[in-house]
Amino acid sequence: MNVLVSPNTVSARIANARPLVRTVIVGHVDHGKSTLIGRLLHETGNIPDGKLDSIKAVSGRRGMPFEWSFLLDALQTERDQGITLDTSQIRFRTPSRDIVLIDAPGHAEFLRNMITGASQADAALLIIDAAEGVRDQTRRHGYLLHLLGIHQVAVVINKMDRVGFDEQRFHEIEAEIVSYLAGFGLTATAIIPISARNGDGVAQRTPSIAWHTGPTVLDVLDHFSPAKPLADLPLRIPVQAVYKFDDRRIIAGRIETGRVAVGDGIAFSPRGTTARIQSIEEWPVPDESRIPRRARAGQSVGLTLDRQIFVDRGDVISAAHMPSKSVDRLRARVFWLHDQPLAKGASVNVRVAMSECRGTVALIEYVVDPGRLSASGAATIAQNHVGEIEITLAHPIAADLYAVNPRTGRLVLELAGRIAGGGLVLAVDAQAHQSGRAASGVARDLRSDKETLTAQASRLSDLLKELSPAQRLARFRDAVGGKITFTTSFGLEDQVILHLLSEQAIDVDVATLDTGRLFPETYELWAETERRYGRRIRAIYPRHDALETLVDKFGINGFYESREARSACCLVRKVEPLNRALNGAAAWIVGLRADQSGHRQGTGLVTVDDRNLLKLSPLLDWTRGAVHAFALAHHILINPLHAKNFLSIGCAPCTRAVAPGEPERAGRWWWEQDEKKECGLHLVRPGSAAHPHREAAAPPQA
Ligand code: SF4
């Protein structure tokens, strides 16, 4: 019987695991990928003792100068001697991460492997030769990263030794690539000048690049965020088989994501039936004390239920309170492999996890030729091209959005019994299609669809208005395809939202803007919150050069002195970083409440912002008292400043405690008289009195 659970081994493995980040290295073929990989293996101590010396000696004997790329070739030939190395998947360790470096030999293979799930990348290094600059292949690879939804991208400008470590040349390339990536909403995590050959900037900042104040390649790798552990995603077990065994029916499958325990309520999609887990079976039958009570992602399990219900291969088991979607129409980004182009009306076999059914291509919205990067509204998708399509299914099957669950959000298309393509599920059912379409990276590049988004926001507002904030967050995640970013400033509302997201394991990106002027209490709460929920909160910092210019021009506290300085400060420390935080997102979650200020009263539950992002305020209709009571009841960590009457949490110099009877936002930019106190907008309106000098407006005692 194919039922085997080994909880002890799996738990031990998980307990010892370090965060794993799969990082693809892309860029023009001659720009130094192999040299960088060789140098990284050396700098991180991942080369066997004596290996480097022996390769250098062999090079010397052959009269060839040593190249770091020889190292890869040499290690490749030694795989049989116990060194785990594959030229396309290289594993090594940084101080706090395990890195799998995926070398992408060609864009078509890379794209196919990523879309079909053969390989997966959480982050990317894009390499550029300092002498040659940005080439077509650099642009192509940058675009593909965007197409695949890889948001963590560091640009490495290599061969700086060939341009005399010229800072000016570095900034020229930096400006070109930053502007190119920004064209489709991608912001580089870092831009790093290096000489992989000499080691400058790889693991150390050397005197040659003393002018570079940013991270090294190793720093960046060590800080890339790993993908969320599969066990922390919602439960999904595609049923592989149902066995009759003595008087028991055992439902067998592999836990793709999430975890299960005896007694859990589960649902079967697309049937919609529910039951409780009576036992988790193991074979051979263990003694009583070792019978498993729980299991997690990666394990194959056999389950018995507390009641007799019909279950079949292809059904998907989920937690009863968070079932997988039952869909009969879906939208996908597909990579087409078949030599016969895919056309509208084509009948294909669609497989999602263990489910399969016939489907008809109802729409081909556009097609991208990854080789030439030309997008078109073509009627067919040719071999090795990417397209976004809608498929109607002959009967409902269980599926998730790829952004929500990468394991059950992929599909395989078959034509005449042969695998013909693979894809990512971007949206399901007609309503989600609207937001999925708006959220789709390619679609958003090619057209602006504000009206559709506004209509979608209004529909979502209606849908969510009667629900609790927890339900709003879960339904919003279900309805919106693509990345959703929640921005927190660690205020009361933000802490409640983060709690609700974490409790329900809702897949969103969480980010905060570190303006450099936050309260010490906020930094402490930040660290404590990460520990409580076991997750990293992405920090976005002001751009260093912009900050230096700002302080040089206005002084460190210039914002007290003039409107111009305040505006500049907020732009550099908040507005521009916020834009970066939201880059690549389809939607944004914020902690606004309508009663915070007159200005916020007219805000909807879901709106469309200037960036064409759907914006959800799940606590919009709650009062501060209600939020506070909820936080206390659920033991949520609260910023200690609230106890001192700081009602909203912002930058330390610009925030003060509020006296009884004062409006809630009075504590922000407290020396101003303006009532419209929103970041970047908190300027004194024309005609109103200029703000008093800070000494003239001491904060009232709380
Ligand atoms: Fe600058 Fe104050 Fe705005 Fe913070 S709140 S960014 S310190 S002006």
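Okay, let's start in helix H13, where Leu492, Glu493, Asp494, Gln495, Val496, Ile497, Leu498, His499, Leu500, Leu501 and Ser502 are buried. Buried here means under 20% relative accessible area, with exposed over 50% and partly exposed in between, using a 1.4 Å probe and protein chains only. Helices are DSSP runs of H or I with at least four residues, strands are runs of E with at least two, and both are numbered from the N terminus.

Before I go on, a word on the model. It's a predicted one, so local features need pLDDT of at least 70 and side-chain atom pairs count only at pLDDT 80 or more, while totals for chains, interfaces and linings use all residues. Residues are numbered from 1 along each chain as its sequence is written, and side-chain values use heavy atoms, leaving out hydrogens and water.

Back to H13. With 11 of its 12 residues buried, H13 is largely enclosed by the rest of the structure. So what covers those buried residues? The cover includes helix H12 (469–479), strand S24 (483–487), strand S25 (509–513), H14, strand S27 (585–589) and helix H18 (624–633); contact means heavy atoms within 4.5 Å. From first C-alpha to last, H13 reaches 17 Å, close to the 16 Å expected at 1.5 Å a residue, where the expected span is 1.5 Å times one less than the number of residues. Just after H13, Ala505 takes a positive phi of about 50 degrees.

Now the cores. The largest nonpolar core has 40 residues, and Phe476, Ile589 and Leu614 touch the most other members. A nonpolar core is a set of buried Ala, Val, Leu, Ile, Met, Phe, Trp, Tyr and Cys residues joined through side-chain atoms within 4.5 Å. H13 (residues 492–503) gives the most to this core, with 6 residues. Apart from it lies another core, of 27 residues, with Val327, Ala332, Val367 and Ile397 among them.

On to the rings: there are 6 aromatic pairs in the structure. Rings of Phe, Tyr and Trp (its six-membered ring) pair if their centres lie within 6.5 Å; planes under 30 degrees apart count as stacked, over 60 as edge-to-face, and the rest as tilted. Tyr523 and Trp526 have ring centres 6.1 Å apart and planes at 20 degrees, so that pair is stacked. Both lie in helix H14 (residues 520–533), 3 residues apart, about one turn of the helix. Tyr523 is partly exposed at 30% relative accessibility, whereas Trp526 is buried at 9%.

In what order do the 6 strands of the open sheet run? The order is S2-S3-S1-S4-S5-S6, with mixed pairing; two strands pair if DSSP finds at least two bridges between them. At the edges are strand S2 (89–93) and strand S6 (190–193), each pairing on one side only.

S2 is joined to strand S3 (residues 98–103) by 5 bridges, and the two run antiparallel. A hairpin links S2 to S3 through 4 residues, and Arg93 stands opposite Asp98 in S3. The covered face of S2 has Ile90 and Phe92, and the uncovered one has Gln89, Arg91 and Arg93.

Ala154 has Ala190 in S6 as its bridge partner. That's my tour, thanks.
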